[in-house]
Amino acid sequence: MIYRVAIPTPLHRLFDYRPPLSGACAQPGCRVRVPFGRREAIGILVSIENTSEFPLHKLKPVSEVLDQTPVFSDDLFALTRWAAGYYQHPLGDALQQALPVLLRQGQPARFAHQTLWHAAPGATLEAVSTRAFRQRELLQLLLEHPGGISTDALRAEGGDPALLKSLQQKGLAQSLERHPDLRHADLTEGVIREAPLTLHDEQAQAVEAIRAAQGFSPLLLEGVTGSGKTEVYLQAIQSCLERGQQALVLVPEIGLTPQTLSRFKARFRVPVLALHSGMTDRQRLDAWLWADEGSARILIGTRSAIFTPLSRPGLIIVDEEHDSSFKQQDGFRYHARDLAIFRANQLKIPVVLGSATPSLESLQNARSGRYQHLHLTHRAGNATPPVFKLLDIRQQTLDAGLSAALISQIRSHLDQGTQVLLFLNRRGFSPALICHDCGTPVDCTRCDARMTLHRQPPHLHCHHCDRQTPIPRSCAQCGSNQLRPAGSGTERVEDRLQAHFPDTPVLRVDRDSTQRKHALERIMQQVHSGAPCILVGTQMLAKGHHFPRVTLVAVLDADAGLFSADFRGMEKTAQLILQVAGRAGRADHPGEVLLQTLHAEHPMLNTLVHAGYEAFASEELQLRHAGYLPPFSHHALLRAEANRQGLAESFLISLRELAQQQQLLPQGVQCIGPFPAVMEKRAGLFRAQMLLQSPHRPALQHVLPLLSSMMQEHPEARRIRWSIDVDPIDSY
């Protein structure tokens with residue numbers, strides 16, 4: 001009998017071991033502790049075989065079986081194994097990443113137990129001497145709590161927990177361990193805490209379609225911002241709960257989790273739990289275990305929550321399905337949205353993809369009939385869609401990126417007692433610090449990028465490799481002290497707005513201003529007070545927030561993605577503009593959206609503004625089809641990086657030559673490159689990439705394991721860091 005074990009290493013292979021000498025048995029999906037080189041590792045038993053390619057006497061025995069029953073359910077085991085294969089990632093590492101951190105470390109798969117104390121059977125106060133009055137008081141408290149009481153509760157009642165051992169030695173007190181139970185975990189009736197909102201016709205049709213879905217049913221819910229998609233989710237989940245099932249809701253970022261969690265908890269009586277990287281390891285494991293036993297009826301989490309076990313699965317929802325945060329950008333490069341589709345198919349349950357600006361891949365799937373397409377074209381309540389205006393800033397003098405026309409509009413809206421939101425997706429005071437005498441910018445020494453100037457606190461910061469330095473006093477090239485900021489970031493815009501509107505609060509929302517605990521919550525409380533204010537920030541403001549008093553939204557640089565080197569640049573720009581624009585006019589106040597641009601005649605920008613996202617997406621899909629680009633072809637990006645320029649590129653060149661010599665590339669699989677990355681040098685490493693594309697996904701999947709094997713065995717592999725990115729969402 002041979003144990004075939006997946007160990008978290010960069011190697012794309014499994015390892016054979018003999019069964020443990022203790023005689024303990026394990027099943028596939030259990031964790032085992034095994035000797036691995038000079039250390040011990042925790043692996044996952046994948047299968048039990050009869051034979052091995054290695055002589056039996058050369059195989060080491062498993063040191064310890066850590067689980068009596070598998071930590072992976074059958075469906076979760078199959079999901080992770082499929083994902084590791086599809087995304088060309090080592091199985092051992094993929095399985096480890098699907099587990100909570102404490103389980104990866106070998107901790108038991110059990111809850112954090114709470115120790116409770118109670119009086120022993122037959123214990124009476126007479127058994128304690130009247131002179132030991134503190135022990136008598138403690139025993140009295142135990143007698144008053146026959147179900148048990150914690151040491152913290154004893155202390156709060158005036159008891160002395162230090163005396164518990166004395167009572168235990170006298171046979172008068174006993175301790176027990178239990179894990180806290182979740183209230184209402186089995187509710188199927190009365191699951192609602194507060195009454196649902198009244199649905200408009202399109203919402204009602206969407207809810208009915210989700211409720212009527214049988215088995216695996218992918219549904220794309222396309223709803224304009226403010227159309228009430230969350231209410232559709234809530235009422236669809238209600239039906240799921242009344243059938244005694246669980247619902248998994250994926251959201252793109254941690255920042256959206258608390259407000260989503262509070263809204264779901266306000267609506268439902270059943271346990272609603274969060275799963276995200278901001279939780280402690282213990283909290284995450286407990287939530288994982290509650291989900292596994294079915295007590296957690298609604299789970300809300302970021303992308304890694306797709307690997308949460310569900311004993312009673314009923315519905316999966318992916319909110320803001322277009323968001324790039326669902327794609328893991330390093331290591332195990334999975335896409336949580338796509339895994340949600342696979343998992344729903346595996347579990348034979350409906351999956352809902354919701355967005356105001358769906359990805360072109362999802363739209364094409366809906367248009368081809370693979371997904372059921374649901375539409376919410378009207379905003380909920382009396383809210384009207386905002387009015388878009390392109391603000392041509394050519395030949396205009398800008399004050400830190402603010403045109404005179406925009407400043408006038410801001411003043412007009414503030415005078416009406418409403419709020420204003422300005423969007424600029426650049427942190428810091430200025431994106432560059434440039435010598436005014438010789439024109440030399442201060443560059444990052446580790447990246448092909450300029451250092452960003454920050455004023456709060458004063459320093460230079462590379463946002464690509466996180467390098468930080470003091471602000472230099474003179475130019476390194478010519479020695480001049482005429483170093484001046486060029487361009488504007490959120491700090492500079494905030495500074496100028498405070499000068500223009502000294503009596504109005506200016507609230508900056510970016511990663512720097514919200515680092516401190518509860519900083520974002522305090523800003524949101526001030527906004528929701530309704531008093532006039534100006535919000536200025538990055539894309540943190542674009543997602544999920546409800547600002548009923550915001551009537552003006554301005555995008556300071558609408559051209560940012562119009563001429564991107566990435567073919568998805570225009571799609572991402574359109575999605576971001578509409579997400580930001582959706583913050584305007586969400587209540588009874590009509591909204592206005594101003595886009596500052598140097599390209600007011602740009603055809604795609606005009607289509608987006610005047611005809612809407614659907615028309616824009618149709619035109620963009622036509623361009624993609626003509627250019628043989630996703631979703632009409634499938635991509636895999638082979639990335640390589642090394643500490644010397646040209647080394648990564650030569651590695652990929654030799655790989656391509658070897659593949660061509662061995663005729664590994666089947667007909668229809670096109671190889672493009674290799675070529676340097678758009679930002680060739682990053683964090684001290686020089687990067688290159690090679691693109692594989694094919695109209696047929698199986699053909700691409702057939703060749704990728706062969707190339708992966710060649711890269712592992714390549715003579716230069718030890719000097720090169722390489723990876724395969726299947727279905728990449730950017731080329732940077």
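Here's a quick briefing on Ser63 and the strands around it. Keep in mind that this is a predicted model. Ser63 sits in the loop that runs between β4 (39-49) and β5 (64-65), and its contacts include Arg33, Val34 and Pro35 as well as Glu40.

**Ser63 itself**
- If you skip the neighbours within four places in sequence, Ser63 is in contact with Arg33, Val34, Pro35 and Glu40.
- With Glu40 there's also a side-chain link: a polar contact of 2.8 Å joins the two.
- Arg18 is 45 residues away from Ser63 along the chain, and their C-alpha atoms are 9.6 Å apart.

**Strand β3**
- β3 covers residues 31-36, and five of its six residues are buried, so the rest of the structure largely encloses this strand.

**β3 with β4**
- These two strands, β3 and β4, run antiparallel and pair over six bridges.
- Pro35 lies opposite Glu40 of β4, and both Pro35 and Glu40 are on the contact list of Ser63.
- The β3 and β4 hairpin has two residues between its strands, and Gly37 in this hairpin has a positive phi near 65°.

**β3 with β5**
- β3 also pairs with β5, again in the antiparallel sense, over two bridges.
- Arg33, another contact of Ser63, has Glu64 in β5 as its bridge partner.

How values were computed: Residues are numbered from 1 along each chain as its sequence is written. This is a predicted model: local features need pLDDT of at least 70, side-chain atom pairs count only at pLDDT 80 or more; totals for chains, interfaces and linings use all residues. Side-chain values use heavy atoms; hydrogens and water are left out. Helices (H or I, at least four residues) and strands (E, at least two) are DSSP runs, numbered from the N terminus. Contact means heavy atoms within 4.5 Å. A polar contact is a pair of N or O atoms within 3.5 Å; within protein, one must be able to donate a hydrogen and the other to accept it, and residues adjacent in sequence count only if both atoms are side-chain atoms. Buried means under 20% relative accessible area, exposed over 50%, partly exposed in between (1.4 Å probe, protein chains only). Two strands pair if DSSP finds at least two bridges between them.
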